[in-house]
Amino acid sequence: GTASTVTNCHNVGSVVIGSDYYVGGVVGGQYAPASSVAKIVISDCSNSGSVTSSSFFVGGVIAYARSTSEGTAISGCINTGTVTNTSTSRAQGTGGIAGYFGGSSAVNVEIVDCINSGTIQIAEGGKQDYMGGIIGQNSYGHISDCNNAGTISGYQYAGGIVGSNSG
């Protein structure tokens with residue numbers, strides 16, 4: 001099938017959205033039904049702008065990437081911007097590269113060669129779960145050769161690379 005791709009795209013401006021779903025520096029959400037034959041590819045993209053929202057998923061590069069039957073690949077992406085989730089009640093994912101990343105155990109879902117040096121944080125009094133330097137919430141995703149040098153602050157489930165890992 002045909003791939004759905006975002007390649008060599010760069011954001012330097014601020015992204016500030018209230019309480020909508022899927023807020024990212026480059027891509028808000030990229031997904032298709034599990035039966036889709038299109039592979040999702042995001043490569044060589046970067047964000048240096050601040051990303052601020054109280055949404056379910058917030059990411060420096062992409063907020064929400066859910067795999068299709070052909071898989072999902074994120075590679076060579078960089079975030080240097082500050083990513084802030086201002087929610088005081090929602091509990092989902094916020095990450096330097098992706099807020100949510102995953103699919104099912106039956107497909108190839110990978111994130112490789114990505115770097116975050118931006119701060120990943122919640123607003124004062126926030127109760128945001130799943131904060132990660134690379135991925136906030138990971139489900140069945142394979143992570144390799146990724147680096148985080150940014151500061152991560154969260155309420156629960158905060159990690160330098162991944163806030164929550166399942167699968």
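# Notebook: a look through an all-strand model

I began at Thr84, which is buried, with a relative accessible area of 11%. The model I am reading is a predicted one. Thr84 belongs to strand β13. I listed what Thr84 touches beyond four places in sequence and got Val51, Thr52, Ser53, Val58, Gln121, Ile122 and Ala123. One of these, Gln121, also meets Thr84 through a polar contact between the two side chains, at 2.9 Å.

**Entry: the sheet around β13**

I next looked up the sheet that holds β13. Four strands make an open sheet in the order β3-β8-β13-β18, and the pairing is parallel. β3 (15-17) and β18 (120-122) are the edge strands; each has a single partner, so one side of each has no neighbour in the sheet. On average, neighbouring strands here are turned by 10° against each other, direction ignored.

Strand β8 (residues 51-53) runs parallel to strand β13 (residues 83-85), and three bridges join them. Ser53 has Asn85 of β13 opposite.

**Entry: the whole chain**

How many helices and strands does the protein have? I found zero helices and 24 strands. The radius of gyration is 14 Å, close to the 15 Å from the globule rule for 167 residues, so the protein is as compact as a globular protein of that length. I took the box along the principal axes, and the C-alpha atoms fill roughly 45 × 30 × 30 Å. Of the 167 residues, 51% are buried.

I also looked at how far along the chain the contacts reach. Among contacts with a separation of 6 or more, 81% join residues 24 or more positions apart.

In soluble globular proteins, nonpolar side chains tend to be buried together. I looked for such groups here. The largest nonpolar core has 19 residues, and Ile42, Ile74, Cys77, Ile97, Phe101 and Ile111 have the most contacts inside it. Strands β10 (62-66), β15 (98-102) and β16 (109-112) each supply at least two residues of this core.

Beyond four places in sequence, Ile111 is in contact with Ile74, Ile97, Phe101, Ile134, Ile135, His142, Ile143, Ser144 and Cys146.

**Entry: β20 and its partners**

Is strand β20 (residues 135-139) mostly covered or mostly uncovered? I found it mostly covered, with five of its five residues buried. β20 pairs with β15 in the parallel sense over four bridges. Phe101 has Asn138 of β20 as its bridge partner.

β20 also runs parallel to β24, again with four bridges between them. In that pair Gln137 is bridged to Ser164 of β24.

I stayed on Ser164, which sits in strand β24 (residues 162-166). At 17% relative accessibility, Ser164 counts as buried. Leaving out residues up to four places away in sequence, Ser164 touches Tyr130, Gly136, Gln137 and Asn138.

**Entry: positive phi**

Most residues other than glycine have a negative phi. I noted two residues that depart from this. Asp44 is not a glycine, yet has a positive phi of about 55°. I placed Asp44 in the loop between β6 (40-43) and β7 (46-47). Its relative accessibility is 43%, so Asp44 counts as partly exposed.

Where does Tyr157 lie? Tyr157 is in strand β23 (residues 156-159). Tyr157 too has a positive phi of about 55° and is not a glycine. Its relative accessible area is 49%, which makes Tyr157 partly exposed. The cut-off for exposed is over 50%, so Tyr157 stays in the partly exposed class.

My last stop was Gly49, in the loop between β7 and β8. Is Gly49 buried or exposed? Gly49 is buried, at 3% relative accessible area. Not counting residues up to four places away in sequence, Gly49 touches Asn11, Val12, Gly13, Gly81 and Thr82.

Methods: Residues are numbered from 1 along each chain as its sequence is written. This is a predicted model: local features need pLDDT of at least 70, side-chain atom pairs count only at pLDDT 80 or more; totals for chains, interfaces and linings use all residues. Side-chain values use heavy atoms; hydrogens and water are left out. Two strands pair if DSSP finds at least two bridges between them. Axes are lines fitted to C-alpha atoms, for helices over the stretch in contact, and angles run from 0 to 180 degrees between N-to-C directions. Buried means under 20% relative accessible area, exposed over 50%, partly exposed in between (1.4 Å probe, protein chains only). A polar contact is a pair of N or O atoms within 3.5 Å; within protein, one must be able to donate a hydrogen and the other to accept it, and residues adjacent in sequence count only if both atoms are side-chain atoms. Contact means heavy atoms within 4.5 Å. A nonpolar core is a set of buried Ala, Val, Leu, Ile, Met, Phe, Trp, Tyr and Cys residues joined through side-chain atoms within 4.5 Å. The radius of gyration is taken over C-alpha atoms; the globule rule is 2.2 Å times the number of residues to the power 0.38.
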